[in-house]
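Open the model in your viewer and get ready to select a few residues. Each stop below says what to pick and what is there.

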Amino acid sequence: MIDVNEKKSTYELFGMPWYMFGVLAIVVIVSVMFGTLPKGMIGAFAFMIVVGTILNEIGNRMPIVRSYLGGGAIVVIFGSAALVYFGIINESTVSIVNNFMKNNGFLDFYIAALITGSILGMNRKILINAALRYLPAIIGGVIAALGLTYLVGSLIGYGGKEAMFFISIPIMGGGMGAGAVPLSQIFASQTGQSAEQLLSVMVPAVALGNAVAIVLGGLLNKIGKKMPKLSGEGQLLRNVKNDVSDSEKENLKDKALVTFENLGKGLLIATVFFCVGTIIAKFVPSIHAYAWMILSVAAIKVLGLMPEKFEICCYQWFRFIMTNLTPALLVGVGVTYTNLGQIAEAFSGIYVILVLVTVIGAIIGTAVVGQLVGFYPIEASVTAGLCMANMGGTGDVAVLSAANRMELMPFGQISSRIGGAFMMLLSSFLLRIFMM
């Protein structure tokens, strides 16, 4: 009889002995080399899980990267992007991953699980208190980011207005599709420049800002370890129990074991909530479906309309997805959404300085205001700051993973979606002032 408590003596990858994982990995690699990787989710899952597991393990064992740069998460993202940039993986494999992430909606599937499970797993009173204080933290970060960039841009000769409009605002605007692209249209209508010309300046800023946000997410996690008074270790509000406290987690485990049926129910509920978001977004398209999904799940939680046994199912599904598929998703982020060429092109001294100033300004502003409204500075900076400065949904996953705070995904999504919409309104207002 096998003793389940016996200490593991064999090195493991993805929860299995290394040699068994190695055999599976070789099959996938051979399939990629011969161009026989199956299309759709079968090939995508096989490739992304294998590559994500390997790169995640490497990152978590590299001393400086592990301690200061976010560990496995950042190596998975940029390592996967490098595989594409240097042509190490063939076009057919890239196409399979791109299609799985974009057309087949794997990113939406992942985020739906995280939003539903993490919100329904929260303490109801804490959810209400945190939501009321969150917008001021976002505004504080935006003011600091734009103000510092304007000041530094003026001092180093780049131009204050140019730095604010073409670097800082795009970085804080919610990514590419929901940020840089519509911003370029808004700016084009006011400045007379073409949207394409404006995008050529904005896109490198957004890409480099996203990379900087991921790295600083890892550094903030490290700072939180060194200075525990600044960190809630994934808890946003000070002087309260965790959003999903240790005792609540134990209660969830005690009340319902993880079962196939529970995971299935969690899957269904999470995907239906995403449908709710898309339905509302059809009639109010100015706000992203993610934002409507967050609001609908939060409303159900606040009103106490979801029976606790189904909240448990959603929480278990969220934990299953996060535990097993995060490295795989980060491979998709690297392959599909991280263009090393654009990032490399942006590496001029002044440009990089202004990007750094924007992201650091977002951290400082949200930390200060977050402290004032009762948040832990590290958590406020990661969610209301870095999740404003990254590339939307994919950036939220990368930043929160690097910061080891994936349970804060709902707040990250508020920053990317509602905060992004706020930046559209703010940029239109600022254009009228500065272009008069």
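Start with Cys 314. The closest cysteine sulfur to its own is in Cys 313, 6.7 Å away, which is too far for a bond. The cut-off for a disulfide is 2.5 Å between the two sulfur atoms. Keep in mind that this is a predicted model.

Stay on Cys 314 and show the surface. Is this residue buried or exposed? Cys 314 is buried, at 1% relative accessibility.

How many disulfides does a search of the whole structure find? The count is 0. Such a bond would be a covalent link between the sulfur atoms of two cysteines.

Next, go to helix H7, which covers residues 124-155. Pick Ile 139 within this helix. Ile 139 has a relative accessible area of 30%, so it is partly exposed.

Zoom out to the whole protein chain. Colour it by secondary structure: there are 19 helices and 2 strands. Then colour by burial. Of the 436 residues, 54% count as buried.

Finish with the surface of the protein chain.

Conventions
Residues are numbered from 1 along each chain as its sequence is written. This is a predicted model: local features need pLDDT of at least 70, side-chain atom pairs count only at pLDDT 80 or more; totals for chains, interfaces and linings use all residues. Side-chain values use heavy atoms; hydrogens and water are left out. Helices (H or I, at least four residues) and strands (E, at least two) are DSSP runs, numbered from the N terminus. Buried means under 20% relative accessible area, exposed over 50%, partly exposed in between (1.4 Å probe, protein chains only).
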